[in-house]
Structure formats: C-alpha cells, structure tokens
Amino acid sequence: MQELKVSIRNGKFTTSMQWGGSGEPLLFLHGAGGPMVGAPFLDELAKHFTVYAPAHPGFGAGQGVEHLDDVVDFALYYHDFLDELQIDNPHIVGHSMGGMLAAEMTALSPYRVNRLVLVCPAGLWLDESPIPDFFTFNPQQLFQVALHDPEGPLGQMMIKQFENPELMLEMYKCMASAGKFMWPIPDKGLKRRIHRVQCPTLILWGASDKLIPPVYGDAFLKSIPGSRLVTLPQSGHMPMLEQQDGFVQAVTNFLLE
Amino acid sequence: MKSHWFHLMPYKYLPDDFKDKYRSVWVDVPSELYDPVKGHELYNEYLDELEYADRLGFDGLCVNEHHSNAYGMMPSPNIMLAALARRTSNAALIVLGNSLALYNPPIRVAEEMAMLDVICGGRFVGGFPVGTSMDTNFAYGQVPATLRDKYREAHDLVIKAWTEPEPFIFNGKFTQSRYVNIWPRPIQKPHPPVWIPGGGSVETWEWVAQHDYMYAFLSYFGYEPAKAMMKSYWDVAARVGCDENPYRAGYLQLIAVSETDAKAEEEYSEAAYYFYHRCLHIPSNMAAAPGYMTLNTVKAIQALNVPFSYDFLKGLKWKDFVDKGYIIAGSPKTVRERLREVVKDMRIGQLMTLLQFGNLSREQTMRNTELYAKEVMPYLKDLWKEWDDRWAPKSLPTKERARAAAL
C-alpha cells in the first residue's frame with residue numbers, strides 16, 4: 001500500500017490516504033479510534049480490490065473537520081471525495097463509526113455504491129441495549145469491551161501503545177472529532193434514512209462485541225432490505241485485527257459474488 | 001478592594017463512606033442520597049446566610065450554576081438571586097454565572113438577567129462561565145468539540161439582545177430567530193457588568209481582555225495555582241492594551257476566621273475534610289470530555305507531567321490545606337495579613353470569599369461571616385482606592401429603589 005496526499009474542495013480538506021491493489025474500487029472507512037495505518041488486512045483486501053483507505057477529517061492526517069457539523073455533512077464530504085478522485089461505483093466497507101458513515105453515504109446516494117459492508121456499525125440505538133459511554137473509558141476499559149481476548153497478545157500490544165504520550169494525544173484528537181458525530185448518543189438520524197439502502201449489503205459482527213453488542217446486527221439486518229448478517233466467532237469489535245483471515249475471507253467472498 | 005460572599009450551596013449530608021462507596025459527587029451521584037426535606041432546610045439556611053452577608057456590608061453576593069452535583073445545588077442560580085432580590089438592600093447580586101451553552105435559546109439568559117436587574121433596581125452582575133465538562137458535556141449532553149463555539153455565539157446573542165434597540169434577525173449556527181426583542185430591558189446601560197469565571201486558557205484571557213470584562217479565577221486550591229494563572233492573565237491583558245485596574249481581576253479563597261490561630265482547626269477542620277474529600281470527589285474520566293479542552297491546552301498539561309485527577313486530595317489533612325494555602329485560616333490578624341499579601345501580589349480587586357464550605361454549620365458560618373466583616377474586611381477596603389471599580393453594578397439610588405411592602 002502506498003500513502004498518498006489528497007486535497008478535496010481546493011484544499012478545504014486535506015488528508016493522507018493508503019492506496020493500493022488492483023480490481024474493483026473499495027473505499028474503507030475507519031472507526032473512531034483512527035485510520036489504522038499499515039494494518040495488514042488492507043494489504044490482504046488489496047489482493048482482490050483497489051483499496052482506498054483515507055484518514056477522515058479530524059483523524060490522523062485528516063484536516064478540515066471544522067467544516068463538518070453533522071453526519072450528513074460527513075457523508076457528503078465523502079461523496080465529494082469520490083467525485084474528485086473519480087472513483088466509480090466503489091464498494092464501501094465501513095467499521096464502527098465508519099460503518100455509520102458508510103450507511104449514511106449509501107442512503108444519500110444509493111445508486112453510486114456497488115456493494116456495502118458494515119462492520120459492527122454505529123448509527124442505530126436500542127433503548128434496551130444502550131451502547132456504553134466509551135468516551136469515558138480509559139484504554140484498559142476500552143479494550144475490555146472492544147476485544148474478545150483483552151489479555152491476549154493483541155490486547156497487550158494495544159494497551160502498551162497507549163503508554164506513548166504522542167499516541168494518547170492522537171487518540172484524544174480522534175475522540176474529540178468523533179464526538180462531533182456521536183456525542184452523547186450515536187443516534188443521529190440514520191434510522192430516518194436507512195430505508196434508502198438498496199444495494200447488496202453484508203453486516204459483519206464479532207460474536208463477543210461488548211462495545212456495540214451483536215443485537216445491533218439484527219437491528220441493521222431488519223432495517224436494510226435483502227441484507228445478510230455474518231457473525232465471526234472469537235472476535236469482538238475489531239474483527240479485522242482479531243480474526244483477520246476470517247474477516248478478509250468474508251468480505252472478499254461477499255464483494256466478489 | 002471588594003469582598004463578595006460566595007455560596008456553592010452544598011448538600012451537607014453525604015455519608016461518611018461516600019468517597020469509598022460511590023464513584024462521584026457529580027453526574028451520576030445517586031439521587032437516593034438527596035433528602036428533599038433536608039434540601040428545604042438547607043436552601044433556606046443558605047439564603048439566610050447570604051442575606052446576613054448583605055446586612056453586614058459585603059459588596060456582593062455570588063451564586064453559581066452546577067448540574068447533577070451534590071456539592072453545588074443550584075442548577076438554576078437565577079432562581080436564587082430572585083429569592084434574594086427583595087430581602088437584600090445594598091449588596092450586588094452576582095450570578096457566576098449562567099452557563100450559556102445550556103440555555104436554549106440563549107435569549108432566555110438575556111431575559112432572565114434583565115428581569116433580575118430590573119427587580120433589584122440595577123444591583124445585578126451577569127456572569128458567563130463556559131461551564132465544567134461535568135455540567136455541559138455529561139449532565140447536559142453538549143458536544144465537547146463545539147461547546148466553546150456555542151458559548152461564544154450565545155454570548156454575542158445575549159449582548160445584542162440587551163443592547164440592540166430594534167427587533168433583530170439572528171441567524172446563528174445554534175440559534176435562529178427573526179424577532180429578537182426582549183422585554184424587559186436591563187436598568188443598567190449599556191448592560192449589566194459582565195464577569196467571566198474561567199479556567200486558564202489563553203483564548204479565554206484574550207477574549208475577556210478584548211471585551212473589557214472582569215475575569216475571575218475560581219478554584220479551590222488557593223494562591224499557589226492561582227498566581228501563575230493571574231500573572232498570565234495580566235500579561236495577556238497588557239498585551240491587548242488593558243489598563244492595570246485591579247477590579248478587572250477576581251479570585252476565590254476559602255477563609256476560616258477564628259478568635260485565635262489555634263482554634264481554627266477545631267472549628268473548621270471537619271468542614272474542610274467534608275469539602276475536599278467528599279465534595280471534590282470527581283472521577284478523572286469525567287473531568288474533561290475529549291474535545292472539551294483545545295489540543296494546545298491538552299499538550300500543555302501533558303508537558304507538565306501532572307496527572308489530571310483529584311485523587312491527590314485524598315491523603316491531605318487540615319495542616320496541608322492551610323500550609324498549601326487552600327484555606328486561609330486563623331485569627332483575624334493572621335487572615336487579614338495573609339489575604340492582603342495574596343491579593344496584592346495578584347492584583348485582585350474582587351475577592352470572592354468562601355466563608356461557608358463543606359458541611360460547615362449555620363452557626364459557624366454566621367460567626368465566620370461576622371468575624372470577616374468586622375475584623376478583616378475593614379482592613380482591606382483601602383486597597384486599590386486609586387482605581388475606579390468599572391465592573392460594579394450601577395444601581396438606582398437607594399431612595400429610588402422599591403422596597404418590599406411590610407407583611
């Protein structure tokens with residue numbers, strides 16, 4: 001994967017994007033934790049697709065979040081992004097907050113999206129299963145709910161990273177930006193628009209996800225006509241890291257159907 | 001120098017094991033701990049104390065706003081000033097203040113403050129804090145990253161609502177109205193004095209200085225943390241072109257006056273423990289939501305390598321509170337001398353005295369108030385005589401002010 005600098009709307013937004021591979025275009029929209037630069041699953045997806053994995057405005061290298069007031073602005077920004085980079089009929093794969101964004105993008109412009117994959121997406125709210133207030137979690141608490149095996153090597157590595165003050169600052173910045181679209185409750189109107197999602201849609205969930213519990217998978221399934229729900233065992237809220245092979249296989253098979 | 005009587009209005013009956021058994025005094029503090037019958041007694045006791053301060057000649061009475069908070073029971077401080085308006089005569093009525101982003105639309109702040117100014121005959125001072133993260137982001141759900149933008153817009157709307165004579169259109173990001181035209185309008189022209197209680201960001205100081213408002217640093221930890229803050233504030237104010245008028249600077253101090261230095265511990269330590277150990281039981285994960293502070297402020301705090309937490313309070317004793325200057329305690333002589341040093345060094349023209357703190361009894365609070373008024377305040381009045389307090393309210397002359405009819 002290469003790292004490219006991108007400028008949208010005459011420099012109003014600038015960002016860094018990971019880009020590589022060959023095949024149909026696939027736009028990957030990251031979650032609130034940040035752009036996952038260098039993550040191996042992107043290279044694996046690049047074996048079958050041309051992958052575009054930009055950092056959102058306000059996250060990592062992404063500048064310009066001050067111009068986005070709400071999720072609709074955010075989704076339309078990405079339509080500007082697709083227009084300017086001339087990415088035609090992409091698949092969109094969105095994770096967590098990125099999943100909410102992917103669903104919103106598709107609802108706003110249903111005929112432009114090829115296939116949609118929502119990986120434990122945010123965006124709907126069930127009173128009986130409230131998503132915990134993750135903005136108040138320290139790294140230990142976050143990984144307890146987000147990972148199937150927080151004490152395992154992945155968990156230990158991720159917690160260790162947060163002892164780095166620069167990384168803590170980066171995380172603070174990401175959470176501050178995420179707050180614009182998810183504070184205090186990540187229910188910002190998708191329920192009024194999701195009926196417009198018509199393209200083939202895969203909903204992917206980790207069976208042990210305690211951050212956005214799997215019951216939300218059923219809610220998305222019910223909301224998107226013709227969609228499919230796949231649950232990955234031994235995985236929490238980060239299936240692309242926790243069960244990389246299973247994740248890549250599920251996504252690739254679905255998109256190539 | 002002005003001495004103002006500041007009340008937080010704490011709930012005095014949190015259990016002894018409060019800080020061990022419950023995670024916070026704020027936001028999710030269990031409502032089962034609040035007894036409204038005791039609350040009824042406390043509000044009335046506290047209003048008695050504020051009225052007493054007026055009779056003893058304090059320059060102003062201050063109340064403030066907190067939400068879901070057991071150490072500050074005034075989600076609506078304007079209600080308290082309304083309760084004080086008729087039975088007080090001379091003291092300024094100061095709200096410190098209305099947390100602007102929490103009033104929708106902010107026109108309500110302009111209206112209520114105008115009402116208060118009119119009811120009390122122009123003795124009113126309006127304060128606009130941004131508000132703590134606990135109050136704004138957690139109790140009231142405000143998005144942290146946009147809170148200060150919302151606050152600034154609300155401020156602009158309130159000032160315009162007070163001063164623009166014709167109905168005007170307001171097309172803001174957070175509020176829209178075609179006919180902003182408040183009735184009543186304040187007695188004071190162009191509007192009541194504006195005081196800004198704030199933390200320590202350069203952005204706040206610049207903004208306050210540019211508007212020529214009074215800046216008050218309200219913290220519970222005395223002179224040490226305040227002196228660096230106030231020095232930076234004065235530097236910024238000078239850079240913006242403000243004069244050195246000490247009345248543009250305010251500061252809060254816990255004060256405990258006894259007959260002798262030795263008696264102060266006996267009379268005030270229990271209340272001090274209640275305040276610092278129970279009232280300030282704030283969990284670090286709600287002290288500042290992500291985006292509440294600007295990235296520059298976060299970087300600056302990180303550079304100091306000081307953990308952002310109130311946990312350090314738990315091990316402190318009375319002697320520490322006094323030695324560290326959190327509380328200025330002792331005989332009238334000790335208190336007046338120490339206070340004079342502190343306010344002179346920081347050029348404080350508006351001293352907010354916290355004479356009731358923690359679970360301090362009504363009797364001890366009244367004694368503290370009386371001792372301060374008779375044995376401390378007169379010795380500080382001469383300070384800054386050469387300056388004019390431009391941030392004091394300009395009320396109707398006493399003989400023109402309405403008096404409540406006798407019962």
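The legends below describe views of a predicted model with chains A and B.

**Figure 1. Overall view of chain A.** Chain A of the predicted model contains 10 helices and eight strands. Its radius of gyration is 17 Å, close to the 18 Å that the globule rule gives for 257 residues, so chain A is as compact as a globular protein of that length. The C-alpha trace of chain A extends over about 45 × 40 × 35 Å along its principal axes. Of the 257 residues of chain A, 46% are buried. Taking contacts in chain A between residues at least 6 apart in sequence, 73% link residues at least 24 apart.

**Figure 2. Overall view of chain B.** Chain B has 13 helices and 11 strands. For 407 residues, a compact globule would have a radius of gyration near 22 Å, and the 20 Å of chain B agrees with this. Along the principal axes, the C-alpha trace of chain B spans about 60 × 50 × 50 Å. Buried residues make up 48% of the 407 in chain B. Of the contacts in chain B between residues at least 6 apart in sequence, 80% connect residues at least 24 apart.

**Figure 3. The contact between chains A and B.** Chain A contributes 14 residues to the contact, and chain B contributes 14 residues. On the side of chain A that touches chain B, eight residues are nonpolar, four are polar and two are charged.

Figure 4. Helix 7 of chain B covers residues 202–211, and its buried residues include B:Trp205, B:Val208 and B:Ala209. These residues lie on the same side of helix 7 of chain B, because they cover an arc of only 95° around the axis. Among the elements covering the buried residues of helix 7 of chain B are strand 7 (194–198), strand 8 (214–217) and helix 8 of chain B. Just after helix 7 of chain B, B:Asp212 adopts a positive phi of about 60°.

**Figure 5. Packing of helix 8 against helix 12 in chain B.** Helix 8 (residues 223–240) and helix 12 (residues 332–346) of chain B pack with their axes 10 Å apart, at an angle of about 20°. Angles under 35 degrees count as roughly parallel, so helix 8 of chain B is roughly parallel to helix 12 of chain B. From helix 8 of chain B, B:Tyr223, B:Ala226, B:Lys227 and B:Met230 meet B:Val342, B:Asp345 and B:Met346 of helix 12 of chain B. The residues of this contact between helix 8 and helix 12 of chain B comprise five nonpolar, no polar and two charged.

How values were computed:
Residues are numbered from 1 along each chain as its sequence is written. Chains are lettered from A and ligands numbered from 1 in the order in which they are written. This is a predicted model: local features need pLDDT of at least 70, side-chain atom pairs count only at pLDDT 80 or more; totals for chains, interfaces and linings use all residues. Two residues are in contact if their C-beta atoms, placed from the backbone, lie within 7 Å. Ala, Val, Leu, Ile, Met, Phe, Trp, Tyr, Cys and Pro count as nonpolar, Asp, Glu, Lys and Arg as charged, and the others, Gly among them, as polar. Axes are lines fitted to C-alpha atoms, for helices over the stretch in contact, and angles run from 0 to 180 degrees between N-to-C directions. Helices (H or I, at least four residues) and strands (E, at least two) are DSSP runs, numbered from the N terminus. Angles under 35 degrees count as roughly parallel, over 145 as roughly antiparallel, 65 to 115 as roughly perpendicular and the rest as oblique. The radius of gyration is taken over C-alpha atoms; the globule rule is 2.2 Å times the number of residues to the power 0.38. A residue is buried if 20 or more other C-beta atoms lie within 10 Å of its own, exposed if 12 or fewer, and partly exposed in between; C-beta atoms are placed from the backbone. The arc is that of the directions from the helix axis to the C-beta atoms.
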